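Please read the numbered points with the model open.

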Amino acid sequence: MIHPTAIIHPKAKLDSSVRVGPLAVIDEGVELGAGCVVGPHVYLTGVVKIGTGNKFHAGCVIGDAPQDVKYKDSPTRLRIGDNNIFREHATVHRSTKMDEETIVGSNNFIMAGAHVAHNCTVGNHVILANGTLLAGHVEVQDRAFLSGNCVVHQFCRVGTLSMMQGGAAVSQDVPPFTLVLNGINTICGLNTVGLRRAGFTAEQRMELRLLYKFLFRSGKNLREALAEAKTEFTSPAAKTLMEFLTDTKRGVCSDDGGRESEEE
């Protein structure tokens with residue numbers, strides 16, 4: 001199960017079912033759960049706890065030191081859940097401080113050349129397509145889809161079931177359920193396809209559509225619109241969107257003023 005050219009530190013903890021390919025390197029602080037597959041030339045380092053069923057394709061670097069000038073070589077941490085796929089040359093860096101973690105949840109698909117920086121939190125069922133870059137302290141919530149070569153500024157949040165078109169860049173929060181245009185900090189309506197695939201009914205999608213228009217296309221100040229919307233929209237999904245907007249610290253992406261790009 002372990003290729004003879006792989007280099008594995010004797011104190012690394014590997015389940016007996018783990019497979020390790022040629023020229024992979026696994027350092028001392030790494031723990032690998034059952035069923036993991038480590039491809040050729042993969043480098044696993046740092047204090048990294050990895051769950052079950054994860055697959056690391058050729059050239060991944062997982063758990064290396066954060067790209068932060070304040071970092072001082074301490075054994076900081078990365079935690080990875082179950083059943084994730086890391087494609088060729090994806091990179092995930094551990095946290096900057098001992099009492100913090102970089103976290104990748106479960107069932108995520110991190111494609112070739114994507115980067116998850118220090119102190120990021122990636123939820124579950126997230127897709128980061130080829131070349132996507134997450135700066136430090138970014139939060140990507142469950143079922144978000146970031147298309148190829150998207151860029152997310154440090155400390156931003158990408159809401160659940162949102163989708164970023166290829167090449168989009170954000171330096172503000174992406175509200176849940178929305179679609180980000182190819183450009184900077186611009187949303188254009190709901191991620192209707194993603195909502196359908198997640199099992200949202202036509203009625204639920206319609207309520208979110210009405211809420212979106214009320215918040216982003218009514219001409220009202222967002223804070224004012226939020227205060228009014230809380231008395232009219234009471235479903236769990238509506239509350240998720242409104243609570244996300246209430247909690248923003250960087251501000252949120254703004255609507256482009258046009259019609260939604262996806263039709264019901």
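Where is the place of Asn185? Asn185 lies in the loop between β26 and β27, where helices (H or I, at least four residues) and strands (E, at least two) are DSSP runs numbered from the N terminus.

1. Basis of the note. The model is a predicted one, so that local features need pLDDT of at least 70 and side-chain atom pairs count only at pLDDT 80 or more, while totals for chains, interfaces and linings use all residues. Residues are numbered from 1 along each chain as its sequence is written, and side-chain values use heavy atoms, with hydrogens and water left out.

2. Positive phi angles. Most residues other than glycine have a negative phi. Asn185 has a phi near 55°, a positive value in a residue other than glycine, and at 12% relative accessibility Asn185 counts as buried (buried means under 20% relative accessible area, exposed over 50%, partly exposed in between, with a 1.4 Å probe and protein chains only). Arg143, which is not a glycine either, has a positive phi of about 65°; Arg143 is found in the loop between β20 (139–140) and β21 (145–146) and is partly exposed, with a relative accessible area of 42%.

3. Ile187 is found in strand β27 and is buried, with a relative accessible area of 0%. Leaving aside residues up to four places away in sequence, Ile187 touches Pro175, Thr178, Leu179, Val180, Tyr212, Phe216, Cys253, Ser254, Asp255 and Asp256, contact meaning heavy atoms within 4.5 Å. Ser235, by comparison, is 48 residues from Ile187 in sequence and 22 Å from Ile187 in space, C-alpha to C-alpha.

4. Helix α2. Helix α2 (residues 202–216) has 15 residues and reaches 21 Å from its first C-alpha to its last, close to the 21 Å expected at 1.5 Å a residue, the expected span being 1.5 Å times one less than the number of residues. The buried residues of α2 are Arg205, Leu208, Arg209, Leu211, Tyr212, Phe214, Leu215 and Phe216. An α-helix has 3.6 residues a turn, so residues three or four places apart point the same way. The cover over the buried residues of α2 includes β26 (178–180), β27 (186–190), α1 (192–197), α3 (222–229), α4 (236–246) and β28 (254–255).

5. The nonpolar core. The largest nonpolar core has 69 residues, and those with the most contacts inside it are Leu32, Leu44, Phe56, Leu134 and Leu146; such a core is a set of buried Ala, Val, Leu, Ile, Met, Phe, Trp, Tyr and Cys residues joined through side-chain atoms within 4.5 Å. Among the elements that give two or more residues to this core are β5 (30–32), β8 (47–50), β11 (77–80), β27 and α2.

6. Phe56 and the aromatic pairs. Phe56 touches Leu32, Val37, Val38, Gly39, Val42, Leu44, Ile50, Ile62 and Phe86, residues up to four places away in sequence not being counted. A search of the whole structure finds four aromatic pairs, in which rings of Phe, Tyr and Trp (its six-membered ring) have centres within 6.5 Å, with planes under 30 degrees apart counted as stacked, over 60 as edge-to-face and the rest as tilted. Phe56 and Phe86 form a stacked pair, at 4.9 Å centre to centre and 5° between the planes. This pair links distant parts of the chain, since Phe56 is in strand β9 (residues 55–56) and Phe86 in strand β12 (residues 85–86), 30 residues apart. Both Phe56 and Phe86 are buried.

7. Val174 and its neighbours. Val174 is found in the loop between β25 (169–170) and β26 and is buried, with a relative accessible area of 0%. Its contacts, not counting residues up to four places away in sequence, are Arg157, Val158, Gly159, Ser162, Val180, Phe244 and Cys253. The charged end of Arg157 sits over the ring of Phe244, 3.8 Å from its centre, by the criterion that NZ of Lys or CZ of Arg is within 6 Å of the ring centre and within 35 degrees of the ring normal.

8. Cysteines. The structure holds zero disulfides, a disulfide being a pair of cysteine sulfur atoms within 2.5 Å. The sulfur of Cys60 is 12 Å from the closest cysteine sulfur, in Cys36, and is therefore too far for a bond. For Cys156, the closest cysteine sulfur is in Cys253 at 7.5 Å, again too far for a bond.
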